[in-house]
Amino acid sequence: MKLLIARPMTAVVEARARAEFDVEIRSDTLPLTHEEMLRSLTEFDVVVPTLGDQFSAQVFVEAPDPRCKLLANFGVGFNHIDVNAARTAGVEVTNTPGAVTDATADIAMTLLLSTARRAGEGERLVRAGDWQGWHPTQMLGHHVTGKRVGIVGMGRIGQAIARRCHFGFGMQVAYQSRSPKDLDFPADYFPDLAALAAAVEFLVLAVPGGVETRHLINAQVLEAMNPSGILVNIARGEVVDEAALIAALQSEQIAGAGLDVYEFEPAVPQALRDMDNVTLLPHLGTATEEVRSDMGHMALDNVAAFVAGRPLPNPV
Ligand code: NAP
């Protein structure tokens, strides 16, 4: 059984992979090229791909009847893999749900607080040596405690964000997802996204990427938001129409945005980089040693189950 891991992993995950499997661990941190994807499907039995590895329908057309039978994705989001095309080619797909939840919710709160309280802007001011000292109207931001937050996508991460907002910040939680949820904290369900956008101060996105959610946040939804509203996106870049977001920020239709992900990642438009009311992070959602190790172990657990002929723990 030959395994390909598409990126360097944490030391413990690499050590386990080398101990348990005949593995090739790619040293490049960039996504697999088209040729590398074809090689991965034809020369390996299992591949651990991740974000940016575009296993499109075309790749499976070019590698019919592949040797590879499992894509054990590193990450909960798998919108870079055409799962139907993979299945048709006889390739199963697994992911790493749960391991990422708390860390990603923490980054959502980082973005919400940083944008509302102008933390990035303040930090840049201090670093530039331009701070003139405290005064009662210096850098006034948006109050967070007790405000209304709208969560779009009340799944694992959405609920973890909602719990932080409710229990930690006394916020009123409202949400939208495909179906209402049975929750152990108060939260109002809004079936209509524009109505939710209009009702809250903070709109936080936690849906999966893919065709169904592409540009879910478009000009109409942004128009429905309050002028004091702040958009936070830790989901996937393509969920937001980035051009419409830039227009809404430039015309002060909304007050700010906190972004971990971008429509054409890793390209971040200059217009966003020029705005002080936007917090920009380089896709840090799960970026802690423990979480990346947990994700790696979960991916390898799926590989181990596949090799042993056991049911896959995390099929998508
Ligand atoms: P999850 O548990 O599957 O939750 C997804 C939620 O989105 C569900 O509540 C689902 O509603 C809802 N949803 C799906 N399609 C929708 C639609 N068209 N309209 C409205 N709601 C919709 O997934 P998760 O573990 O929370 O992860 C969510 C996403 O976060 C991942 O897919 C990934 O792309 C992203 N993520 C980002 C980072 C990062 O580093 N920034 C890290 C981890 C994950 P129902 O429950 O009603 O079906």
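How many salt bridges does a search of the whole structure find? The search finds 18, a salt bridge being a side-chain nitrogen of Lys or Arg within 4 Å of a carboxyl oxygen of Asp or Glu. The model is predicted, so local features need pLDDT of at least 70 and side-chain atom pairs count only at pLDDT 80 or more, while totals for chains, interfaces and linings use all residues. Residues are numbered from 1 along each chain as its sequence is written, and side-chain values use heavy atoms, with hydrogens and water left out.

Helix 2 (residues 34-43) holds one of these pairs. Helices (H or I, at least four residues) and strands (E, at least two) are DSSP runs, numbered from the N terminus. Glutamate 43 forms a salt bridge with arginine 39, with 2.9 Å between the closest N and O atoms. The two residues are 4 apart in the helix, which separates them by about one helical turn. Glutamate 43 is partly exposed at 35% relative accessibility. Arginine 39 is also partly exposed, at 31%. Here buried means under 20% relative accessible area, exposed over 50%, and partly exposed in between (1.4 Å probe, protein chains only).

Arginine 127 bridges to glutamate 123, the closest N and O atoms being 2.9 Å apart. Both lie in helix 6, 4 residues apart, about one turn of the helix. Arginine 127 is exposed at 67% relative accessibility. Glutamate 123 is partly exposed at 41%.

Arginine 124, in helix 6, has a partner elsewhere in the chain. Its side chain meets that of aspartate 276 in a salt bridge (2.8 Å, N to O). Aspartate 276 lies in the loop between helix 11 and strand 12 (278-280), so the pair ties together parts that are 152 residues apart in sequence. Aspartate 276 is partly exposed, with a relative accessible area of 43%. Arginine 124 is partly exposed at 41%. Salt bridges with shared partners also join Arg16, Glu20 and Asp301 into one network.

Backbone geometry was examined next. Most residues other than glycine have a negative phi, and most peptide bonds are trans. Aspartate 65, not a glycine, has a positive phi of about 50 degrees. This aspartate is found in the loop between helix 3 (57-62) and strand 4 (70-72). Aspartate 65 is exposed, at 68% relative accessibility. Methionine 139 has a positive phi near 45 degrees. Methionine 139 is found in the loop between helix 6 (119-127) and strand 6 (148-152), and is partly exposed at 25%. A cis peptide bond joins glutamate 265 and proline 266, with omega about 5 degrees. Proline 266 lies in the loop between strand 11 (256-259) and helix 11 (270-273).
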